[in-house]
Amino acid sequence: MSESEEISEFGYIMELLARGKVTIKNIERELICPACKELFTHPLILPCQHSICHKCVKELLLTHDDSFNDVGSDNSNQSSPRLRLPSPSMDKIDRISRPGWKRGSLTPRTTTFPCPGCEHDVDLGERGISGLFRNFTLETIVERYRQAARAATAIMCDLCKPPPQESTKSCMDCSASYCNECFKIYHPWGTVKAQHEYVGPTTNFRPKILMCPEHETERINMYCELCRRPVCHLCKLGGNHSNHRVTTMSSAYKTLKEKLSKDIDYLIGKESQVKSQISELNLLMKETECNGERAKEEAVTHFEKLFEILEERKSSVLKAIDASKKLRLDKFQTQVEEYQGLLENNGLVGYAQEVLKETDQSCFVQTAKQLHLRIQKATESLKSFRPAAQTSFEDYVVNTSKQTELLGELSFFSSGIDVPEINEEQSKVYNNVLINWYHPEKDKADSYVLEYRKINRDEEMLSWNEIEVCGTSKVISDLESNCNYAFRVRAYKGSICSPCSRELILHTPPAPVFSFLFDEKCGYNNEHLLLNLKRDRVESRAGFNLLLAADRIQVGYYTSLDYIIGDVGITKGKHFWAFRVEPYSYLVKAGVASSDKLQEWLRSPRDAVSPRYEQDSGHDSGSEDACFDSSQPFTLVTIGMKKFFIPKSATSANEPENRVLPMPTSIGIFLDYDKGRVAFYDMDHMKCLYERQVDCSHTMYPAFALMGSGGVQLEEPITAKYLEYQEHM
C-alpha cells in the first residue's frame with residue numbers, strides 16, 4: 001500500500017470536502033462500518049488501514065474467541081464479519097478489551113480475525129484493542145454527516161436549567177455544549193477556563209492531541225516509514241521502532257498531503273472521462289439486456305424445434321403400435337371362432353353326429369370323407385395349440401438412451417459462432433504489429449473486431465482500442481517502443497458476437513527498427529560468400545573451398561572469418577534490427593563494429609593457413625574481449641551448431657556452461673549510440689541475453705561474420721525501407 005493510501009480513505013474525503021467538490025450528503029457509503037452496516041461509532045484503524053467500530057472489533061474478537069474454543073458451537077457457524085453480530089455480555093467484552101488478557105487466561109485466546117473491509121486476517125497482538133489508533137478524522141466527518149442529516153435539528157445547552165436553550169458553542173476541553181449565557185458563567189474572563197478551545201455546536205468531542213497507544217502518556221510526534229504508522233519518541237528510543245527509519249510528523253504530513261492533493265486533482269480532472277465511461281457502461285447494460293433476451297428467444301426456438309420432432313415421432317410410434325395391436329386382436333378373434341366350432345353344442349360336432357346316422361354306405365362315404373378331414377384338422381390343432389399372434393410389444397419399445405445422453409449434454413455454443421484463435425507464429429511485432437488469426441468457419445462471420453491495449457510496467461491495463469476488420473489479419477501502427485501489448489479478436493455475425501479469443505501478449509522492441517541491406521561493395525568476398533539478389537540473405541561457401549583444397553591438408557588447418565556489413569551506418573540515436581541464423585550453420589558472428597575497426601578487418605585478411613591464428617584470441621573475430629573493463633570499438637556474439645554463445649567476462653571465464661544457450665529462432669540487436677550500449681535479444685520472448693559497453697566514437701555498422709557452412713537471413717521489417725507490412729503476407 002502506498003503512502004498516499006496509508007492515511008486512509010477518509011483523508012481523501014476531507015480533501016474533497018475542503019475543496020467544496022463533494023457535498024457531505026454524497027459520501028454516506030464511505031461512513032458505513034463494514035461490519036454492522038451502520039454509521040461509524042468510535043472507529044478504530046486496523047493494521048490493514050481499514051476502519052471499524054470499536055464495539056464491532058470487540059464483537060468480532062469475542063465471536064472468533066468462542067469459535068476458537070468451541071468448534072462445534074453455533075457461534076462458529078455465525079462468525080461472518082459481514083453479518084450483524086449479537087451483542088455479547090459486558091463481562092466478556094471487558095475481558096477482551098483488557099491488555100494482557102491473553103497471558104492471564106488459562107484458556108488460549110485468539111486476537112486474529114478477518115477484516116470486514118478486505119477479508120484479510122489481522123492480528124492485534126497481545127495488546128489487543130488497546131494497541132489500535134482511533135480514527136478521529138473519520139469521527140469528525142461522521143459527526144458532520146449526522147449534523148447535515150439532522151438539518152435544522154439544534155444542539156441544546158448541557159448546563160441550562162429546564163427548559164435548555166440552543167447551544168452556540170462547544171468546549172473541546174470541557175466536552176460540553178453551552179449557550180451564550182452559560183458559556184460566560186462557566187468560562188469567566190481572566191480565568192484558566194477562558195483559554196479553553198471552543199468550536200461551533202457539536203456532539204463529537206475528541207482529544208486535542210493524538211496519544212501513543214503503546215505509551216499512553218506520550219503524544220504522537222513522528223512517523224515510522226517502515227511500519228507506516230505514527231509513533232512517539234519512546235517507540236523510537238527503546239520500543240519496537242528503535243531500528244526503524246522515522247521522519248517528523250510535519251514532514252510526513254506535508255508529503256502525504258501533497259500526494260493526496262495531486263491524486264484528488266487528477267480524479268476531479270477526470271470527471272468527464274468517468275461520465276463517459278458511465279455512459280458506456282449504461283449502453284453496455286442495454287446491449288446486454290437486448291442480447292440476453294435475443295439469446296433466450298433463440299434457445300426457446302431450438303427447444304421448440306426439438307419438441308416438434310419429438311411430437312412427430314411420438315405420433316408415428318403410437319400409430320404403429322395401434323395398427324399392430326388391431327392386427328393381432330383380429331388373428332386371435334379368428335382363432336377363437338375356430339375353436340368355438342369344436343365345442344359339442346356347435347355345428348361341426350352336431351353335423352358329424354347326424355352323418356353317423358346315415359345307413360346308406362355310399363351316401364355316408366361321400367359325405368364323411370370331407371367331414372373326416374375337417375375333424376382330423378381340428379384334432380391336430382388341439383394337439384399342437386399355438387396362439388395366432390404374440391402378446392408382447394418388445395419390438396415397439398423406444399430406445400432413447402442415446403438421445404437422452406445427447407440432450408443431457410446440451411450447452412451453449414458461442415451463439416452459433418466459433419471463437420477465432422490468434423496465430424502466434426504468424427503474428428509479428430516491430431515498429432508495427434501484424435496480427436493473424438484463424439477462424440474455422442470464415443463464411444459464418446461478417447466481420448471481426450481486433451482489440452489491443454498497452455500494459456504498463458506495474459501490470460496496469462489501459463482501456464481496449466478496437467479496430468473493425470473484414471479479413472483475418474491486420475497491421476497496427478504507431479506502437480510505443482519497449483512496451484507490452486495485449487491483443488484479442490472476436491467475430492461478428494449480424495448483431496451476434498462471439499466470445500473473445502485468448503489474449504496474445506507481445507513486447508515491442510526497445511527502439512525503432514533500423515532498416516538496411518547487406519553491403520555488396522565494402523569488403524564483400526564473393527568467393528566465400530553468396531548474396532541473394534534482394535541482399536537480405538547471405539550464405540557461406542567456405543566449406544566447399546576447403547574440400548577443394550583437401551589434398552593439401554596434412555596437419556592442422558585454419559580458415560578465416562568472412563565479414564559482411566550493413567549498407568547503412570549509425571551515428572546517433574537508438575536502433576534495433578533482427579535476423580535469423582540457419583540451424584545448419586557452423587559458426588556465425590553478429591553484432592556491431594565501428595568504421596575504423598572494419599577497415600582493419602577488411603583490408604588485412606588473415607592467412608587461411610596461418611598457424612598463428614587463434615580462434616578465441618579475440619584479435620580477429622572480436623568474440624572474446626581482450627580487456628574486460630575497457631570499451632571496444634566492436635561487439636560480436638557467436639552463434640552456431642544451434643547454440644548461442646555469450647562472450648567471456650571476468651565473472652564467467654571459468655563457467656563455460658553458463659555461456660551456452662539454445663539458439664533463438666530470431667535474434668535482435670539493440671544499439672544505443674549515445675550511451676554506447678549494445679544488447680542482444682531473444683525475439684521469441686523479447687528477452688535480453690547479453691549486454692555490454694561499446695565504443696561509439698565512429699560510425700557504427702551492423703556486422704556479420706561467417707565461417708564454414710552457414711546462412712543469415714534479415715527479418716523482413718528490417719529490409720523494408722518504409723517499414724510497412726503487406727496485408728496478405
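Where is the place of K534?

**View 1. K534 in a loop.** K534 sits in the loop between β21 (529-531) and β22 (537-541); helices (H or I, at least four residues) and strands (E, at least two) are DSSP runs, numbered from the N terminus. The model is predicted, so that local features need pLDDT of at least 70 and side-chain atom pairs count only at pLDDT 80 or more, while totals for chains, interfaces and linings use all residues. Residues are numbered from 1 along each chain as its sequence is written, and side-chain values use heavy atoms, with hydrogens and water left out. K534 is exposed, with a relative accessible area of 64%. Buried means under 20% relative accessible area, exposed over 50%, and partly exposed in between (1.4 Å probe, protein chains only). The C-alpha atoms of K534 and L517 are separated by 8.1 Å, and these residues are 17 apart along the chain.

**View 2. The open sheet β7-β6-β8.** Three strands form an open sheet in the order β7-β6-β8, with antiparallel pairing. Its edge strands, β7 (176-178) and β8 (198-199), each pair on one side only. Two strands pair if DSSP finds at least two bridges between them. Between β6 (residues 169-171) and β7 the antiparallel pairing runs over three bridges, and S170 stands opposite S177 in β7.

**View 3. Strand β15 and its partners.** Eight of the nine residues of β15 (residues 447-455) are buried. The strand pairs with β18 (residues 484-493) in the antiparallel sense over nine bridges, with Y448 opposite A491 in β18. Antiparallel pairing also joins β15 to β16 (residues 465-469), over five bridges; here L450 stands opposite I467 in β16.

**View 4. The salt bridge E451-R490.** The side chains of E451 and R490 meet in a salt bridge (2.2 Å, N to O). E451 belongs to strand β15 and R490 to strand β18, and the pair links parts of the chain 39 residues apart. A salt bridge is a side-chain nitrogen of Lys or Arg within 4 Å of a carboxyl oxygen of Asp or Glu. E451 is buried at a relative accessible area of 3%, and R490 is buried at 10%. E451, E466, R488, R490 and E503 are linked in a network of salt bridges.

**View 5. Two further salt bridges.** E582 forms a salt bridge with R537, the closest N and O atoms being 2.6 Å apart. E582 lies in the loop between β24 (574-581) and β25 (587-594) and R537 in strand β22, so the pair ties together parts that are 45 residues apart in sequence. Both E582 and R537 are buried. In another salt bridge, E225 and R245 have their closest N and O atoms 3.2 Å apart. E225 is in the loop between β9 (222-224) and β10 (229-231), and R245 is in the loop between α7 (233-238) and β11 (246-248), 20 residues apart. E225 is partly exposed at 29% relative accessible area, whereas R245 counts as exposed at 63% relative accessibility. The whole structure has 17 salt bridges.

**View 6. The nonpolar surface patch.** F303, L306, F307, I309, L310 and L407 make a nonpolar surface patch of about 570 Å². Patches are made of residues with over 30% relative accessible area and no salt bridge, with like charges joined within 9 Å and nonpolar side chains (Val, Leu, Ile, Met, Phe, Trp, Tyr) within 5 Å. Accessible areas come from the Shrake-Rupley method with a 1.4 Å probe; for residues, only the protein chains shown count as cover. Helix α9 gives the most to this patch, with five residues.
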